[in-house]
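Hi,

Here is the structure I promised to pass on. Have a look at it first, and then read on for what turned up.

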Amino acid sequence: MKKFSFLFLLLLVFAGCKEDTKEQAVAETKKPAPKPVVKEYGFVLDDFDVVVDTIERGDNFGYILDRHGVDRGKVFEISEKVKDTFNPARITAGKKYLILKAKDSAKTPLHFIYQNDKINYTVLNIGDSISAFKAKKPVSIKRREVSGVVTSSLSEAMQAQGLSNLLVYQLSDIYQWSIDFFKLQKGDQFKMIYHEKYIDDTIFAGVESVEAAVFKHSDRPFYAFNYETDTITGQASFYDEEAKALQSFFLKAPLNYSRISSRYQRRRFHPVQKRWKAHLGTDYAAPTGTPIKTTADGVVIASSYTSGNGNYVKVRHNGKYTTQYLHMSKRNVRNGQAVKQGDVIGFVGSTGLATGPHVCYRFWVNGKQVDPYRQNLPTAKKIEDAKKDDYYAFIEPLKTELDSIPYKNI
C-alpha cells in the first residue's frame, strides 16, 4: 500500500512538472518578438530622436541647425572644423537630411547627415566632439538580360519593357559612332546584358555598366562587347565581333538624343530671313538647355556671338577638320581651350537667327563646308593583333549568351 502511494505521488509531481513546463512554453510563445534593430547611415536609429527633412529653396546650413537649437557660435565652429570634408554653403534644395538628437530632455542634436545622392552621404558629428566623414550606402550589383524592338523611338521601346531611360543613353553612347539614331526604323531590335545597382538590395540606383549588346538596325546586327584593354588602369572600350573599336574619330551628332529638324542642303527657304539660300549645316532640335558636345578632340578657335549665329563655338580638330555649333543659349568654353570628344561646350538655345531652340552643326573639310553625313570619316584602331586571341576567347561566351536571348518582335 505504501509502495502504491509513493508511486502515485511521483506521478502527480511528474504531471505537475509537465504541466508547468507546458504553461511555461505557452507563455514563452506569447512573448512579443524582439523589435528589429534599424541601422542606417552607421547608426542604430532607435537610439535617437530622428528628424528627417528635405532642404527647401532658401534654406542654409545655419538656418536648419538654428531651428533645432544649435546656436550661431556652434554653427560657425562646426563649419570651420568640417570645411575640408563638407561645404555648408553648397547644400542643395531637394536633398534629404537627417538630424539625430539625444533622447534627453534637451533633445541635443548630435549628428547631421546630408544625403549627397542616392548612394553617397556625409555625416557631421556636431555634439561635444565635432568631425565629419563621407560614406556610401551598401550597394549590390544585379546582372540583367533584356530584349526590345523599336516601334517609334528607342525611349518608347525601353518603356515598353519597363526599363530605365538610363539604358537609352547607355545604348546611344555605345553606338553613337556606328548607328544614326535619327534614322532608326520600325522593327529595329536590340538585346543587352548589363548590370544594375541597388541600394540595400532593393532600391534601384542606376545602371552600373553594359557588358555586351547587339543592335539590329536595317537587318544588320551591330555587336558591342565591353573589353578591358588596359589591366593596370582598368580602361575599357567597346569592340565588335571582329575586334574593331566602335569608337570613331567623330561622334554621329553633337547631342545625346534629339531629332534632325533641317539637313544640309544647297537651297532652303530661310524661316527668319524669308528667302531662299543655302543651309550648310544640320539642325538638331532639342529643349533649351540641352548639353551640346564637341564631336571630336580639338582646340576652340572661336567662342563668341554674332547677330546671325547667336552664341557659337568653333573647334579645330586637326589640319583637315573643323566643326561649329550655333544658336547656343550659353557657351561653356573659351578661345584656346583644349576639348575632348564628348565635352559639353555649350547648351541648346535660340540666339541669333533662329525660330526655336536647336543647334546648327557645321562641318569643314580642308576649309570647305560639307555635309558630315556624306563623309567617309576616320575610325578608331582595332585591337592589337597580339591581343586578338584573348579578345575572341573573352567574347565567345558573351556572344553565345546574346545570341540565345530571343529578339522581341512588333
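Let's start with a charged pair: Glu242 forms a salt bridge with Lys244, and their closest N and O atoms are 3.4 Å apart. Keep in mind throughout that this is a predicted model. Glu242 counts as partly exposed because its relative accessible area is 43%, and Lys244, at 34%, is partly exposed too. Elsewhere, salt bridges with shared partners tie Arg143, Glu211 and Glu401 into one network. The count of salt bridges comes to 12.

Which residue does Lys81 form a salt bridge with? The partner is Glu77, with 3.2 Å between the closest N and O atoms. Both residues sit in H3, which spans residues 72-82, and they are four residues apart, about one turn of the helix. Is Lys81 buried or exposed? Lys81 has a relative accessibility of 54%, so it counts as exposed. Glu77 has a relative accessible area of 33%, which means it is partly exposed. Another salt bridge brings together the side chains of Lys83 and Glu80, at 3.4 Å from N to O. Glu80 is partly exposed, given its relative accessible area of 39%.

H3 also takes you to a sheet, as the helix lies across strands E6 and E7 and runs at about 55° to E7. That sheet is an open one of five strands, in the order E3-E4-E5-E6-E7, and the pairing is antiparallel. Why is one side of E3 and of E7 left without a neighbour in the sheet? Strand E3 (49-54) and strand E7 (130-136) stand at the edges and have a single partner strand each, so one side of each has no neighbour there. From one strand to the next, the twist averages 15°. Strand E6 (residues 120-126) is joined to E7 by seven bridges in the antiparallel sense. If you want one spot to check on screen, find Asn125, which stands opposite Ser131 in E7.

Strand E22 (residues 344-348) pairs with strand E17 (residues 291-293) over three bridges, in the antiparallel sense. Pro291 has Phe347 as its bridge partner in E22. Strand E20 (residues 321-331) also runs antiparallel to E22, and three bridges join the two. Here Arg331 has Gly346 of E22 as its bridge partner.

Which residues of H5 (residues 166-174) are buried? They are Leu167, Val168, Leu171, Ser172 and Ile174. These residues cover an arc of only 160° around the axis, so they lie on the same side of H5. Ser172 is worth a click: this residue of H5 has a relative accessibility of 3%, and therefore counts as buried. Leaving aside residues up to four places away in sequence, Ser172 touches Phe181 and Asn256.

That's the handover. Happy browsing!

Notes
Residues numbered from 1 in each chain as written. Predicted model: local features only at pLDDT ≥ 70, side-chain atom pairs only at ≥ 80, totals over all residues. Heavy atoms only, no water. Buried < 20%, exposed > 50% of the residue type's maximum accessible area, 1.4 Å probe, protein only. Arc of directions from axis to C-beta. Pairing = 2+ DSSP bridges. Contact = heavy atoms within 4.5 Å. Salt bridge = Lys/Arg side-chain N within 4 Å of Asp/Glu carboxyl O. Axes fitted to C-alpha atoms, helices over the stretch in contact; angles between N-to-C directions.
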